[in-house]
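I opened this notebook to keep track of what I looked up in one model. The entries go by topic.

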Amino acid sequence: MTDKGLFYEEMEISTADLRVPHASYQRSLSVARVRRIAQNFDERIANKPKVSYRDGKFYVFDGQHTIAARRLRNNGEDLPVACKVYYGLTEQDEALLFAQQFGFSDVLTAGAKMRALIYGRDPEALAFLEATESVGLHLDYTQNLGENLGENRIGCISTAFRAFQRVGRESYTEALSILTEAWHGEPHSLRGETVRAMIEFVDLYKGEFSRDRLVAKLQMVDPLTIYRKGQAMGVNMAGYKKYLYQVFCIYNGSSKKSALPLKF
C-alpha cells in the first residue's frame, strides 16, 4: 500500500450507496452491537465511517456498525452520512487498514483481524496460514471454543500466531503434526492451552525427545488431560508452564531411562 492510497476527503454519502464487503474481509454485522450503539449514539462525538472509493462504488472498511446504528435511529430509512472517503486503495489495502483499525468501534477479535490480514496478503499472516494448513489443520476465524470447535480447526488464533512468531515454522508445524497424529484433530486437543504447551515442549526439547514416544504417550490419555490437570495446579505454577508440565509428565511417565530433565 502506497502513501497515495491514504489520500482522502470528507463528504456526505447516502447509506443506500455504501457497500460492506462481507464476502472478503469484513466481519458480519452484529444486530446486538448496532442496537447498543444506537441507544447512546451522539453524532457530535461519533467517528466518521471510513470508505474506499473503488471501481465506481463506495466500500466501508471501518464503521459499518455506526452506519447501521444511524439507520436504526432513522426508523430504518437511508440517510446521508459524513464519511472519510479514501482513493487509490485496492481491496487488499482496505483489508489491511481494517485489520489495523482503532477507535470507538469494538476491538477486532483475533479471528477477524487474522482473516483481514490474510485477505490483505500480509506476508507473516500468510506464512502462518500456510504452516497451519500444511499439517491438515484450518484456522477458525469465528474462534469457537470447546464442544463448538470443529475437528481439525484452530480457534486459539492469537495464541497460535504468537507462538508461530516466536518459535518459527519448524517447531510450530512439528508440534501441530504431533497433536494431529495423536488425536486426529479432536476439538479438545486443539485448545489454546494444549496447543501452546505442545509448541513450547517441542521448541524447548528440540533434538532431545522422541517423536514416536511422545505420540504414543499422548494416544494413551484423554485429549482434555493437559487442560484439566493444568487447571488443577492452580497458582502452583505460572501461566502456560502448568500445561507444559503436563506434556512433560506424559512424555516421561515412569521411565527413568527415557526421562527428560526439567528445564523450565
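**Ground rules.** I am working with a predicted model, in which local features need pLDDT of at least 70, side-chain atom pairs count only at pLDDT 80 or more, and totals for chains, interfaces and linings use all residues. Residues are numbered from 1 along each chain as its sequence is written, and side-chain values use heavy atoms, with hydrogens and water left out.

**Sheet.** I looked up the strand order first. Helices (H or I, at least four residues) and strands (E, at least two) are DSSP runs numbered from the N terminus, and two strands pair if DSSP finds at least two bridges between them. There is an open sheet of 5 strands in the order S1-S5-S3-S4-S2, and its pairing is mixed. Strand S1 (8-14) and S2 are the edge strands, each pairing on one side only.

I then went through the pairs. S1 and S5 are antiparallel, with 7 bridges; tyrosine 8 has tyrosine 86 in S5 as its bridge partner. S3 and S5 run parallel and are joined by 4 bridges. Here tyrosine 53 stands opposite tyrosine 87 in S5. S3 and S4 are antiparallel, joined by 5 bridges, and lysine 50 has aspartate 62 in S4 as its bridge partner. The two strands S3 and S4 make a hairpin with 2 residues between them, and in the turn aspartate 55 has a positive phi of about 55°.

I also checked what lies on the sheet. Helix H3 lies across strand S3 (50-54) and S4, and runs at about 25° to S4; axes are lines fitted to C-alpha atoms, for helices over the stretch in contact, with angles from 0 to 180 degrees between N-to-C directions.

**Helix H2.** How many residues of helix H2 are buried? I use buried for under 20% relative accessible area, exposed for over 50%, and partly exposed for in between (1.4 Å probe, protein chains only). For H2 (residues 64-73) the count is 7 of its 10 residues, so I note this helix as mostly covered. The buried residues are Gln64, His65, Thr66, Ile67, Ala68, Ala69 and Arg70. What covers them includes strand S2 (18-19), helix H1 (31-39), strand S4 (57-62) and strand S5 (80-87). Just after H2, asparagine 75 takes a positive phi of about 60°.

**Cores.** A nonpolar core here is a set of buried Ala, Val, Leu, Ile, Met, Phe, Trp, Tyr and Cys residues joined through side-chain atoms within 4.5 Å. The largest one has 57 residues, and Phe128, Ile154, Tyr172, Met198, Phe201, Phe209 and Leu214 touch the most other members. Elements giving two or more residues to this core include helix H5 (123-133), helix H7 (169-183), helix H8 (192-204) and helix H11 (241-252). H7 supplies the largest share, 7 residues. Apart from this core lies another, of 10 residues, among them Leu18, Phe58, Val60 and Val81.

Leaving aside neighbours within four places in sequence, phenylalanine 209 is in contact with Glu174, Ile178, Phe201, Val202, Leu214, Tyr251 and Leu260.

**Aromatic rings.** Rings of Phe, Tyr and Trp (its six-membered ring) pair if their centres lie within 6.5 Å; planes under 30 degrees apart count as stacked, over 60 as edge-to-face, the rest as tilted. I get 18 aromatic pairs by this rule. Phenylalanine 128 and phenylalanine 164 have ring centres 5.6 Å apart and planes at 55°, so I log the pair as tilted. Phenylalanine 128 is in helix H5 and phenylalanine 164 in helix H6, so the pair ties together parts 36 residues apart in sequence. Both phenylalanine 128 and phenylalanine 164 are buried.

Phenylalanine 201 and tyrosine 205 are another tilted pair, at 5.0 Å centre to centre and 40° between the planes. Phenylalanine 201 is buried, at 0% relative accessibility, and tyrosine 205 is buried, at 0%. One aromatic cluster consists of Phe201, Tyr205, Phe209, Tyr245, Phe248, Tyr251 and Phe264.

I looked for charges over rings (NZ of Lys or CZ of Arg within 6 Å of the ring centre and within 35 degrees of the ring normal). Arginine 196 lies over the face of tyrosine 240, 3.8 Å from the ring centre. Arginine 213 lies over the face of tyrosine 251, 5.1 Å from the ring centre.

**Lysine 217.** Lysine 217 lies in helix H9. Is lysine 217 buried or partly exposed? At 23% relative accessibility, lysine 217 counts as partly exposed. Leaving aside neighbours within four places in sequence, lysine 217 is in contact with Ile250, Tyr251 and Gly253. The C-alpha atoms of lysine 217 and alanine 182 are separated by 8.5 Å, and these residues are 35 residues apart along the chain.

Definitions and conventions: Contact means heavy atoms within 4.5 Å.
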